[in-house]
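Please read the notes below alongside the model. They are kept to points that can be checked against the coordinates.

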Amino acid sequence: MAEEKKLFKVKIDGIPVEVEPGTTILNAARQIGGDIVPPAMCYYSKLQGSGGKCRTCLVKVSKGSEADPRPMPKLVASCRTTVMDGMEVANITSPEVLEARKGVVEFLLLNHPLDCPVCDQAGECHLQDLGYEHGADGTRYEFKRREFEKIDIGDKIQLHMTRCILCYRCVFTADQLTETRQHGILGRGEASEISTYIHKSLDNEFIGNVIDVCPVGALTDKTFRFKNRVWFLKPVDAHRDCENPKCCGKTVLWLRGDEVFRVTARKDKYGEVEAFICDTCRFDKKETKDWIVEGPRKVDRHSVISQGQYVGVHKPKDALPEVLDGRQPKLMMNIHNISQVNRPEIDLSRIEGPAHSDDFKN
Amino acid sequence: MQALTNRAKPVDRRPMTFTEKLYLPAIAKGMVITFKHIFQKKETISYPEQKRKFSPVFRGLHVLNRDAEGRENCTACGLCAVSCPAEAITMEGAERKPGEEHLYREEKYAARYEINMLRCIFCGFCEEACPKDAIYLTETFAPSNYNRESFIYGKEDLLIPMPGEKKKA
């Protein structure tokens, strides 16, 4: 049965691409790449069954297929709709899609608290990007937003239900990566929330991945909580030989000086992790000597994380010590003697959980 | 080399004429210019007796603001530090503990906040970036000093006093 598979010819925003039958429009667009890829908040290529929840990936199908050229009556979710032969899809070329996406962003932000200045996800948040690219400047919502108390799911993961957009990614992660799923979505409609059975803690060896898959700041790393902003940290690729056979051990360390502030999995350009990592790598190996550092991670120039990270810098030769016979120039002031920030006795990355006022007492 | 402006003139290297060699007309011309300035409006002022009027958008020393209930506005979001072109601002955030609600407005606050006034260029970007109305540039001129250490402004130097609380002498 060496029959060659028939490839479907699809046109997305006028760009032709040939994909296998059964591919979704979103994945066909990702094969082309660039600006025409619809944004996705809930679809996650590594998680089976994800997608279809957030509606940000809506596209217009202007021609159904070669056999049936009628356009689809409504905008379709591209992560859930498979391609047909001869299908023509309009994404950014259709004003209708852009208008609909603006509306979707507005709906996603309805109950979002907009506490980005406090949120640890700020700077790498997909909802921030989406709101910036597709959303309106201001909110028209005048009513009370959903309010929840923050919940500790286990001692390493913090759940802010107010920020959740109900994408179900974390539920799929727990379902597919770990042996027992202990959390899910309770309630329906506006009342639905991510929760565990009577706030049971989540302790699986892979449960930390829910932090990485969360597109917003609903699930955050408690060991990193409030310690620094992501754009002040330097991401480097690192790996270690993890004892866990299911863990790849390939991670990104977020450094400030020699301090490892947090460890995450490596994310691709769509913000999806390349391979999942175990909780030992994520939470317990917070020292550079545990890791083999490969080199600085390439950060997109348009990301705020790239600020202050100079690429290809040529440092000019300092001729002064040579002229002064190896003597260093006299320091007028050593900032580390005066500055209260970055005191060596307060090692923020070593503190369990967020720092509190007593950590700064001395 | 192409001239940057069209004001460049080649230097006149011809030998001086007799009147030029006398120098007297040139001295007289110079004196006229000098004495003319005595009767013109002075551009300088006698500081500190006199002070120049500041522009309404003058940007001086920073303050960290509190809200109406005296709680600190700053949440250590880092936007001032990231917008600072001189990289003068550093901070360390901490989580508010139960019982500290009267001190800090939000669950996160700046435990340490520092502006290096030696680096600061008073561009006001921090004020513009601040989403919480926490940092403001006042109309106070940054004071001078003899040692560099005093230019590192910590939270105690920047934060406005609690309303009703007497400032320590």
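This is a predicted model: local features need pLDDT of at least 70, side-chain atom pairs count only at pLDDT 80 or more; totals for chains, interfaces and linings use all residues.

1. Residues are numbered from 1 along each chain as its sequence is written, and chains are lettered from A and ligands numbered from 1 in the order in which they are written.

2. Chain B has a radius of gyration of 27 Å, whereas a compact globule of 169 residues would have one near 15 Å (taken over C-alpha atoms; the globule rule is 2.2 Å times the number of residues to the power 0.38). Its C-alpha trace spans about 90 × 45 × 30 Å along the principal axes. Of the 169 residues of chain B, 26% count as buried (20 or more other C-beta atoms within 10 Å of a residue's own; exposed means 12 or fewer, partly exposed in between, with C-beta atoms placed from the backbone).

3. Five helices and five strands make up the secondary structure of chain B (DSSP runs, H or I of at least four residues for helices and E of at least two for strands, numbered from the N terminus). The order from the N terminus is α-α-β-α-β-β-α-β-β-α.

4. An open antiparallel sheet in chain B has three strands in the order β2-β3-β5 (strands pair if DSSP finds at least two bridges between them). β2 (89-95) and β5 (152-153) of chain B are the edge strands, each with a single partner, so one side of each has no neighbour in the sheet. Seven bridges join β2(B) to β3 (residues 108-116) of chain B, and Ala94(B) stands opposite Tyr109(B) in β3(B).

5. Leu159(B) lies in the segment after α5 (155-158) of chain B. Is Leu159(B) buried or partly exposed? Leu159(B) is partly exposed, because 18 other C-beta atoms lie within 10 Å. Beyond neighbours within four places in sequence, Leu159(B) is in contact with Leu64(B) and Glu72(B) (contact means C-beta atoms, placed from the backbone, within 7 Å).

6. The largest nonpolar core has 75 residues, of which Val59(A) and Val210(A) touch the most other members (a core is a set of buried Ala, Val, Leu, Ile, Met, Phe, Trp, Tyr and Cys residues joined through C-beta atoms within 7 Å). Helix α4 (residues 169-177) of chain A gives the most to this core, with five residues.

7. The contact between the chains takes 22 residues from chain A and 24 residues from chain B.

Terms used: Two residues are in contact if their C-beta atoms, placed from the backbone, lie within 7 Å.
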